[in-house]
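Me: Here is a model I would like to go through with you. Please set each value against its definition.

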Amino acid sequence: MLCSIKSPTERRYVIRMWIMAALCVLFSLVAAVVFRLSHPHGILAYLVGVLPALPITGALIYTGVYLAEEKDEFQRNLLVQSLLGGTGGILAVTTAWGYMEDFAHAPHLDLVWVYPLFWLFAGISYGFVRARYR
Amino acid sequence: MKNRLRVLRAERDWSQADLAERLEVSRQSVNAIETGKFDPSLPLAFKLARLFETTIEAIFSDEN
């Protein structure tokens with residue numbers, strides 16, 4: 001997969017994102033094990049609970065770093081449009097779902113789904129944006 | 001925006017990949033600019049003009 005990426009900036013971004021994804025899985029496992037074995041309370045519970053969100057924050061920061069480092073303005077434009085699509089998609093869906101929870105008693109949507117759904121919408125958006133420039 | 005990139009490239013017998021390498025951008029970027037689907041920034045337009053040893057106006061025109 002990395003071999004097909006020609007730009008060093010893009011390659012660096014993909015590697016950083018994979019590292020953040022791996023850390024997210026690792027920290028989620030650590031948090032789950034800690035909560036199962038030692039049932040932390042108070043501030044410690046918050047600290048352990050927030051662990052998986054740290055690599056997620058890192059991934060968002062690295063996305064910003066990529067946009068700052070990428071010299072190819074067309075590629076930058078593709079990502080920005082995709083991220084806008086992802087942001088719009090997740091805002092629309094979570095807002096609509098919130099109203100459905102309030103008024104129609106729809107099942108509760110756990111907030112941990114916001115981040116993966118954001119990238120799902122950004123990915124779908126990327127496909128549409130790329131298709132427009134073919 | 002219309003442009004003469006394809007003609008200028010053909011005169012030099014360059015592929016889109018050749019031009020992309022000289023501009024330090026992706027081939028997709030060159031294709032998007034060439035087909036008029038993406039308008040380059042002023043710095044990239046200047047870079048193109050320098051590369052083809054001409055002016056920006058000789059490459060790009062705002063006629064539909």
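Me: Leaving aside neighbours within four places in sequence, which residues is Leu5(B) in contact with?

Reply: This is a predicted model, in which local features need pLDDT of at least 70, side-chain atom pairs count only at pLDDT 80 or more, and totals for chains, interfaces and linings use all residues. Residues are numbered from 1 along each chain as its sequence is written, with chains lettered from A and ligands numbered from 1 in the order in which they are written. With those neighbours left aside, Leu5(B) is in contact with Ile33(B), Glu34(B) and Ile59(B); contact means C-beta atoms, placed from the backbone, within 7 Å.

Me: Why are helix 2 of chain B and helix 3 of chain B called roughly perpendicular?

Reply: Their axes, which come within 8 Å, cross at roughly 105°. Axes are lines fitted to C-alpha atoms over the stretch in contact, with angles from 0 to 180 degrees between N-to-C directions. Angles under 35 degrees count as roughly parallel, over 145 as roughly antiparallel, 65 to 115 as roughly perpendicular and the rest as oblique. The two helices are therefore roughly perpendicular to each other.

Me: Which residues of helix 2 of chain B and helix 3 of chain B make the contact?

Reply: Helix 2 of chain B supplies Gln16(B), Ala17(B), Leu19(B) and Ala20(B), and helix 3 of chain B supplies Arg27(B), Ser29(B), Val30(B) and Asn31(B). By class, four are nonpolar, three polar and one charged.

Me: How many residues of chain B are in contact with chain A?

Reply: Ten residues of chain B are in contact with seven of chain A. Helix 3 of chain B gives the largest share of the chain B side, three residues.

Definitions and conventions: Contact = placed C-beta atoms within 7 Å. Helix = DSSP H or I, 4+ residues; strand = E, 2+ residues; numbered from the N terminus. Nonpolar A, V, L, I, M, F, W, Y, C, P; charged D, E, K, R; others polar.
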